[in-house]
Amino acid sequence: MEPFVTLTGVAAPLQRQNIDTDAIIPSREMKTVGKTGLSGGLFANWRYADVAARTENPDFILNRAPFRQATILLAGSNFGCGSSREHAVWALKEWGVRCIVAPSFGAIFHGNCVRNGILPVTLPADAVAALATAAGQATSDDPAPARLTVDLRQGLLTGPHLGSDPGTYPFTLSPADRDMLLEGLDAIGLTLKRLPAIQSFEADYRAATPWALPVPTL
Amino acid sequence: MPGKTLVEKIWDRHRVADLGDGTDLLYVDRVLLHERTGSVALKSLGEAGRTVRNPAQAFVCMDHIVDTLPGRSDDTLMPGGKAFIQETRAAANAAGIQVFDLGDPRQGIVHVVIPEQGLTLPGLTVVCPDSHTCTQGGLGALAWGIGSTEGEHALATQTLAVRRPKRMRVTLTGALAPGVTAKDLVLTLIGRHTAAGGSGYVIEFAGPVVEAMAVEARMTLCNMAVEFAAWTGLCAPDDKTVAWLAGRPFAPKGADWDRAVVAWADLRSDADAVFDKEIELDCTEVAPVVTWGTSPQHAMAVTGQVPDPAADPDPNNREAQRRALAYMGLNPGDRLADLAIDAAFIGSCTNSRLSDLRTAAAIVKGRHVARGVRAIVVPGSMQVKAAAEAEGLDRVFLDAGFEWREAGCSMCFFAGGEHFGAGQRVITSTNRNFENRQGPGTRSHLASPASVAASAIAGRIADVRDLMD
């Protein structure tokens, strides 16, 4: 997995609550068994005025400069709720998103982000709203209000100065998630190093709960 | 030292290693897959050169993409759908994983089939790359939805690294009024505390109403835990759970069964267990509920009026409500019970079990679907379908003008095949009323199967209590 250490980029304000994974990638856009070829379906119902013809909706934020180049999303609460489809994360990543900032995330979506090298940053709602308001002022001539820097090692997000605000926002991530992102770790490989412990646990567990394992063959 | 919660008891029993910082490596008893997301997990595992560690502990259900029309085959209305079905089947067979396939009398929705077969038991850990895995918490298992990559992890290692969640208890007090079901309760809960209200928590549903509730209703309650943003939900097993599981095909037998029943008796939160958060809901006041908007939190009594966004003090809520009203084609003050419907759908992992079909059939019996309304029943499994047919429920629905389908997820969501159509107003027993969930532009109103049945008859969103004897 590609490590995530620091990122500087344009942040797109997407201030809606409860943006679900059906909205991030509609079920009908998941056309083949695999993790690629999904970015065209990203936000399809919002992004296209005519989905079948792929005619762009000029009002959708990601269709406007400078947000076409966004690598960060500033989202509403409970972002990524709903379906567990990891395709939502694969589509975001393929499109170019590497970091999502929101007051809260859908639990499965949050885990899917970490496992695919996308950093989910949880910040208070008023902080996200302030950053989004600032980002909304950005233009193709002056993208600075939308420019953010995210430093995972320091746990610090730096944005434009907002009034008396210093423009820096500390955030935390669980150490396990942080390490996985920073080092681009392969979670399965790590766990397989513990195979002896798993085997030992399993032997004891089977002896103690014979009704649970083994599963009969029918 | 305080006692343990139910979740802590199950958790501690499955801890393989403490990974530090609040994360444990948990042993996984059952890994479930379906052809929509499991296909990618199996494919990706193979591409990485890894194998399934314990194929006997994994099961595949064909439910998401398969057609529910009579005479179905691997060919499906969803573009590209056949590849998902066939690649999943081939990968599962190659890995030695049992498939409840098309043509198998046990086929159906994973969260209906697996409990029905006795594969989910109290105290087990169960995962599936599907957000509604929480449904199976109704049996007292710790069951939660994961992504495809975590699915690969569980297949390869029989474990998952999981951060210990905060614990919430939702205590349901009072009693249910006639016409009010588990679906109405959980929609009321989400309506009051928002769709993000359970974020970060594992929820134990408890209290006299849960104790009085049938096992299948508990599954409905737990099914919607993810719509409350909870990590998962569960109910403590009891004598009803034991009776429900007894004799099911994969359930333990003989001495194993007796030992299991003894062990399950301890699967309850100790009296002095401490929860991080407690919520209480007095169910006596709960009415049949229907959603008006595009989030499960947009829920209200069927007798209610659509809110005025301007009245909400929170600008984010105001904007979300305005969007929802525009999408749903509604105006502030509209009476829910006056809204004409185009279609009615009974099905999904929320509400497609035999008890759901019985409740709906009791409302439908001797009546007819209103002119112009398309009404569909999709049993959750072929076993539910067979049981319903054995007691004549199919005739009740067919005589009333409903379609009677084969088992599957069907039109709970739109995957590119069948849908209800833009602007169509649908009352549905499913779990999600998101924009475009049941088809581009389709307007979905969530409700209980009884409310859906009553509305199909009335041709508009109806108060089921008006049709009850």
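Student: How far apart are the mean positions of the positive and negative charges of chain A?

Tutor: This is a predicted model, in which local features need pLDDT of at least 70, side-chain atom pairs count only at pLDDT 80 or more, and totals for chains, interfaces and linings use all residues. Residues are numbered from 1 along each chain as its sequence is written, and side-chain values use heavy atoms, without hydrogens and water. Lys and Arg count as positive and Asp and Glu as negative, with His and the chain ends not counted; each charge is placed at NZ of Lys, CZ of Arg, CG of Asp or CD of Glu. For the 18 positive and 20 negative charges of chain A, the mean positions lie apart by 4 Å.

Student: What share of the residues in chain A is buried?

Tutor: Buried means under 20% relative accessible area, with a 1.4 Å probe and protein chains only. Of the 218 residues in chain A, the buried share is 59%.

Student: Which residue in the turn between β7(A) and β8(A) has a positive phi?

Tutor: β7(A) also pairs in the antiparallel sense with strand β8 (residues 156-158) of chain A, over 3 bridges. The two strands form a hairpin with 4 residues between them. In its turn, the residue with a positive phi, about 65°, is A:Gly155.

How values were computed. Chains lettered and ligands numbered in written order. Pairing = 2+ DSSP bridges. Buried < 20%, exposed > 50% of the residue type's maximum accessible area, 1.4 Å probe, protein only.
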